[in-house]
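Please load the model in a viewer and keep the selection panel at hand.

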Amino acid sequence: MTKPPTSKHLLRDTDRPVRSRPRKSRDPAQPNLPLDPMPDRIDPCLALLKPKPPTGPQWTFEVKWDGYRLAVHIEPTGVRILTRGGHDWTDRFPLIEAAARALPVSTAILDGEAVALDAHGRSDFGLLQQSLGGRGGKKRSSNALFMAFDLLYFDGHDLTRSELDVRRHLLESLVPADGQGDIRLSEEVEADGEVLLRVACEHGLEGIIAKDRNSTYRGGRLGDWLKIKCIQSDSFFIVGYEISMAARGHIGSLLLAARKGNDMVYVGSVGTGFKESTAWQLRGMMDKIKRNTPALHYAGGRKNVVWLQPTLIAEIEYRAWTDDGTLRHSSFKGLREVQDNAAVYEIE
């Protein structure tokens, strides 16, 4: 083993400590350390769906939040809150905007999820949509929180080329754990992935997220982040509805479709999960996009079907797929916003 160098005495005399050399005045011609320009928008890193958690020391885990993905830009001129599709929703989240202004930083971009919590502290997509006035609504949410899980830009420095561990360290210094404000830290959980998934499912959570702690921040669904769900939840086109005079909004069920290449494929229907107000609002939107023929091949035998232009995207919770390619035990959760840039489920 190499012998460490002998340290110098900290005192020259018994009563006078050693002091640093006086610093010279800065030469005005000497350049400052360069600062990275603040990007107008960063393409978000998306989680790839997997059936079970990964193993290995490089993986860290978080709870999966069920809300709207947002980027909070703190700039010298103010705060901007952007959706995943790059639309400015600052005015929709006044509490998050105010909390961002109060953070002790001059410039930053926080990546996270806007959520509304139920009585048990679980994120509820339906509650969030209600707070915003439903799909296409213009309400300012009075109860949405921002769960921050990444820091992409910080005080003039682009962090997207830094490893996740570095970004998280800086994020935790900016947004402390156990905070109760309108911007909170999505905490990492030190646990085995299988155990954490089981506990999350037992507590009625949507699932967990696994992240490669050595990865840089790359936009798209590239496998640096993974999502493992307790209950499946995906987005589907609404291509029609079955009329029932006994149901809320007279909607017996919604007919759903997924993508398959350049085509759409029928994947079944959903007839539960509608609240009274939601059903009538949805019915009013569907009545404006009727068409005479189905927008896809349909061989079902349902009666009283009204066909629709495939412009509405529904978030559907379900348990599994049947052998013939339809959803089992499905439930309507809400409509996705165009600005959210939701990806419709794609069948390979």
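**First stop: His329**

Select His329, which counts as exposed at 56% relative accessibility; the term exposed denotes over 50% relative accessible area, buried under 20%, and partly exposed the range in between, with a 1.4 Å probe and protein chains only. This is a predicted model, in which local features need pLDDT of at least 70 and side-chain atom pairs count only at pLDDT 80 or more, whereas totals for chains, interfaces and linings use all residues. Residues are numbered from 1 along each chain as its sequence is written, and side-chain values use heavy atoms, with hydrogens and water left out.

His329 sits in the loop between S18 and S19. Helices (H or I, at least four residues) and strands (E, at least two) are DSSP runs numbered from the N terminus. The phi angle of His329 is near 50°, a positive value in a residue other than glycine.

Move to Asp155, in the loop between strand S6 (145-154) and strand S7 (157-158). Phi is near 50° for Asp155 too, again positive in a residue other than glycine. With a relative accessible area of 34%, Asp155 is partly exposed.

Next, select Thr326, in the loop between strand S17 (320-321) and strand S18 (327-328). Is Thr326 buried or exposed? Its relative accessible area is 17%, so Thr326 is buried.

Display the side chains of Thr322 and Asp324 as well. A polar contact of 2.7 Å links the side chain of Thr326 to that of Thr322, and another, of 3.2 Å, links it to the side chain of Asp324. A polar contact is a pair of N or O atoms within 3.5 Å; within protein, one must be able to donate a hydrogen and the other to accept it, and residues adjacent in sequence count only if both atoms are side-chain atoms.

Setting aside neighbours within four places in sequence, Thr326 is in contact with Val267, Gly268, Ala320 and Trp321, where contact means heavy atoms within 4.5 Å.

Select residues 78-83, strand S4, in which six of the six residues are buried. In a regular strand the side chains alternate between the two faces of the sheet. Gly78, Arg80 and Leu82 point one way from S4, while Val79, Ile81 and Thr83 point the other way.

Leu70 has Thr83 as its bridge partner in S4. A hairpin connects S3 to S4 through two residues.

**The largest cavity**

Which residues lie closest to the centre of the largest cavity? Of the 14 lining residues, these are Ile42, Pro44, Leu70, Ala71 and Thr83. The cavity holds about 120 Å³ of space. On a 1 Å grid over the protein atoms alone, a cavity is a set of points where a 1.4 Å probe fits but cannot get out, a pocket is an open set with protein on both sides within 12 Å along at least five of seven lines, and lining residues have an atom within 4 Å of a point. Grid points are joined across faces, edges and corners, and a volume is the space filled by probe spheres set on the points.

S3, S4 and strand S5 (108-115) each supply at least two lining residues of the largest cavity, and S3 gives the largest share, four residues.

Turn to the largest pocket, with a volume of about 950 Å³. Select Ala47, Arg84, Arg221, Lys227 and Asp234, the closest to its centre of the 38 lining residues. The elements that give two or more residues to this lining include S3, strand S10 (225-229) and strand S11 (232-243).

Finally, visit the second largest pocket, of about 730 Å³. Among its 35 lining residues, Asp124, Phe125, Gly126, Leu127 and Lys333 lie nearest the centre. Helix H2 (125-131), helix H5 (276-286) and strand S19 (331-335) each give two or more residues to the lining of the second largest pocket.

Technical notes. Pairing = 2+ DSSP bridges.
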